[in-house]
Amino acid sequence: MSFGRRGAWALVLVLACVAARGLVRAQQCRRVAASVAVGTSRNASGHWEAQVVLQRRSEAPGRGAGEVRLEVEPSTAICGGARVDSVTLTIRGPPPPPGPGYVSVPGVGYYRIHKELHTWAEAKAICEAEGGHLLIINSEAEDKAILQLLKRTPNLSTWLFIGFDDKEKEGFYVTIFGDPVASLGYARWHPGQPDDWDKKEDCGTVWTESGGLNDYICDGKMGFICEQRTG
Ligand SMILES: [Ca+2]
Ligand SMILES: [Ca+2]
């Protein structure tokens, strides 16, 4: 079972009439991130009960805690002449907090701009060492969020390394996860880019002033932007 990558995680379960199998008991310390247990029973007078236990485990209790909500939505429907009573349960909680030095942009992501100068490979390793990855811009909302972040961060190098390159195949830009940049659904190149200037530019950057994408020399040294997953 997995939860959404962004924003709050949610778990929805619909209970309907099910066969008698005995009620379940809450298990307080299971090691899995999320679990669901369901059981039903029927008593001597014929009344049935259905029980569900939903659990979401956090390895950092207290960090980003609170705001957990339980929503209960009962409903009744007539299906093929039978009455079906249902309950939809939703547990909704906040995403984990950003790592040290990262800025949270609600609904978009967590970002950290590094001003120290490094090659693309060094920058990639630094982002990974702090639990993130070089930035991948894959939506207009993210592009705008990064631009706002750049505008309020002084003393940056002209370009900043981010997470794409065409080292494997010239002109075929892929992210650090191997996805073609053209398939991300969003890519705003700086005018005139990419140009593979002097046939030496294979690593991704973003222009500090306007946020447009550019290819640049991988062994050049400049600042860079890391991104962390929000869930
Ligand atoms: Ca190139
Ligand atoms: Ca270029």
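## Asp-143 in helix H2

Asp-143 sits in helix H2. This is a predicted model. Is Asp-143 buried, partly exposed or exposed? Asp-143 counts as partly exposed, because 19 other C-beta atoms lie within 10 Å and a buried residue needs 20 or more.

Some of the surroundings of Asp-143 come from elsewhere along the chain. Setting aside residues up to four places away in sequence, Asp-143 touches Ile-137, Tyr-186, Arg-188 and Gly-211. Ser-210 is 67 residues away from Asp-143 along the chain, yet the two C-alpha atoms are separated by 9.9 Å.

## Overall make-up and confidence

The protein has two helices and 13 strands. Of its 231 residues, 20% are buried. Among contacts with a separation of 6 or more, 64% link residues 24 or more positions apart.

The average pLDDT is 83, and 81% of the residues score at least 70. Residues 1-21 are another matter: here the pLDDT is below 50. That stretch still has 53 contacts in the model beyond near neighbours in sequence.

## The largest nonpolar core

In soluble globular proteins, nonpolar side chains tend to be buried together. The largest nonpolar core here holds 25 residues. Which of them touch the most other members? They are Leu-134, Leu-135, Leu-160, Phe-161, Ile-162, Phe-224 and Ile-225.

Both helices and several strands supply this core. Helix H1 (120-129) and helix H2 (140-151) each give two or more residues. So do strands E7 (109-118), E9 (159-165), E11 (201-207), E12 (213-217) and E13 (222-228).

Phe-161 shows how these pieces meet. Leaving out neighbours within four places in sequence, Phe-161 is in contact with Trp-120, Ala-123, Leu-134, Cys-203, Gly-204, Thr-205, Met-222 and Phe-224.

Which residues of H1 are buried? They are Trp-120, Ala-123, Lys-124 and Cys-127. Seen down the helix axis, these buried residues fall within an arc of 100°, so they line one face of H1. An α-helix has 3.6 residues a turn, so residues three or four places apart point the same way.

The cover over the buried residues of H1 includes E7, strand E8 (133-134), E9, E11 and E13. On the other side of H1, Ala-125 and Ala-129 are exposed. After the helix comes Gly-131, with a positive phi near 85°.

## Strand E11 and its partners

E11 is mostly covered, with six of its seven residues buried. E11 pairs with E9 in the antiparallel sense over four bridges. In that pairing, Asp-165 stands opposite Cys-203.

E11 also runs antiparallel to E12, and five bridges join them. What lies between the two strands? E11 and E12 form a hairpin with five residues between them. Gly-211, in that turn, has a positive phi of about 85°. Gly-211 is also one of the residues that Asp-143 touches.

## The loop between E10 and E11

Most residues other than glycine have a negative phi, and most peptide bonds are trans. The loop between strand E10 (174-175) and E11 holds exceptions. Pro-194 lies in this loop. A cis peptide bond joins Gln-193 to Pro-194, with omega about 0°.

Asp-198 is in the loop too, and its phi is positive, near 60°. Lys-199 is also found there, with a positive phi of about 55° although it is not a glycine. Are Asp-198 and Lys-199 buried or exposed? Lys-199 counts as exposed because it has 8 C-beta neighbours inside 10 Å.

## Ile-91 in strand E5

Ile-91 belongs to strand E5 (residues 82-93). Ile-91 is partly exposed, because 19 other C-beta atoms lie within 10 Å. Gln-55 is 36 residues from Ile-91 along the chain, and their C-alpha atoms are separated by 8.6 Å.

Methods. Residues numbered from 1 in each chain as written. Chains lettered and ligands numbered in written order. Predicted model: local features only at pLDDT ≥ 70, side-chain atom pairs only at ≥ 80, totals over all residues. Core = buried A, V, L, I, M, F, W, Y, C linked by C-beta atoms within 7 Å. Buried ≥ 20, exposed ≤ 12 C-beta atoms within 10 Å, placed from the backbone. Contact = placed C-beta atoms within 7 Å. Arc of directions from axis to C-beta. pLDDT = per-residue confidence, 0-100. Pairing = 2+ DSSP bridges.
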